[in-house]
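Please consult the sequence and the structure below while reading.

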Amino acid sequence: MSRVDANELAELTARFGAPVRWTRALDVTRETIAEWRDATKKRQAEIVLALPRPGKRVLLHTKDFYPSGVFRVPSGGIHLGERVEDAARREMREETGFTAPLTRLLGIIEYEFRHAEERVPFVSYVFLADETHDAPHPMDAGERITQFREAVWSDLPRLAQMLDDLPEDWRDWGRFRAIAHRLIADFKF
């Protein structure tokens, strides 16, 4: 069962162009499926932000609870009843302080997290924004962002592989996060 609202997708496509659509099934641990079951009660989906920087670079961030040295593209939950585009603008502002225009809906990734017989669907909407030269600064301390850095766009597949290769305690999270990095990397800017 898809968690993508067809009417909202039609509106997003009219504004931002037709996105690529990926489906990915991830076999996860019992603990991870329980976390996703709980998470989907509070948020219907998430946005992922490709935030271009000068010199064909992309903005990454890390948080105080991530494994040492792990950086990734920003993302954030879409609250129940919240419009996808509104969530993208809100999350960009909360995590980076940016108000750059959204320029394209790059993709939609529909996940199925699986453990034993249980299945939990989830969706990521991957947006591209205009390039910004501003220094990022989180507006919401609850995000727990500790540092930003930039990576060359062509380095995203290597970063995705690093996420795939995280230690066991972080493996399910890393494999999930790697997918959006690969989708963004497919777009050459």
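Which residues do ring pairs link into a cluster? Ring pairs join Trp36, Tyr111, Phe113, Phe122 and Phe176 in this way. The model is predicted, so that local features require pLDDT of at least 70 and side-chain atom pairs pLDDT 80 or more, whereas totals for chains, interfaces and linings use all residues. Residues are numbered from 1 along each chain as its sequence is written, and side-chain values use heavy atoms, without hydrogens and water.

**Aromatic pairs**

- The structure holds 12 aromatic pairs, a pair being rings of Phe, Tyr or Trp (its six-membered ring) with centres within 6.5 Å; planes under 30 degrees apart are stacked, over 60 edge-to-face and the rest tilted.
- The rings of tryptophan 36 and phenylalanine 176 are edge-to-face, because their centres are 5.0 Å apart and their planes stand at 75°.
- Tryptophan 36 belongs to helix H2 and phenylalanine 176 to helix H5, so this pair ties together parts 140 residues apart in sequence; helices (H or I, at least four residues) and strands (E, at least two) are DSSP runs numbered from the N terminus.
- Both tryptophan 36 and phenylalanine 176 are buried, where buried means under 20% relative accessible area, exposed over 50% and partly exposed in between (1.4 Å probe, protein chains only).
- Tyrosine 66 and tryptophan 170 also form an edge-to-face pair, with 6.3 Å from centre to centre and 75° between the planes.
- This pair links tyrosine 66, in the loop between E4 and strand E5 (75-79), with tryptophan 170 in helix H5, 104 residues apart.
- Tyrosine 66 counts as buried at 8% relative accessibility, while tryptophan 170 is partly exposed at 23%.

**Nonpolar cores**

- The largest nonpolar core has 31 residues, of which Leu106, Ile109, Tyr111, Phe113, Leu156 and Ile184 touch the most other members; a core is a set of buried Ala, Val, Leu, Ile, Met, Phe, Trp, Tyr and Cys residues joined through side-chain atoms within 4.5 Å.
- Helix H5 gives the most to this core, with six residues.
- Apart from this core lies another, of 25 residues, including Leu49 and Phe148.

**Threonine 96**

- Threonine 96 lies in helix H3 (residues 84-96) and is buried, with a relative accessible area of 0%.
- The side chain of threonine 96 reaches the backbone oxygen of methionine 92 at 2.6 Å.
- Beyond its neighbours within four places in sequence, threonine 96 contacts residues including Leu51, Pro136 and Phe148 (contact means heavy atoms within 4.5 Å).

Conventions: A polar contact is a pair of N or O atoms within 3.5 Å; within protein, one must be able to donate a hydrogen and the other to accept it, and residues adjacent in sequence count only if both atoms are side-chain atoms.
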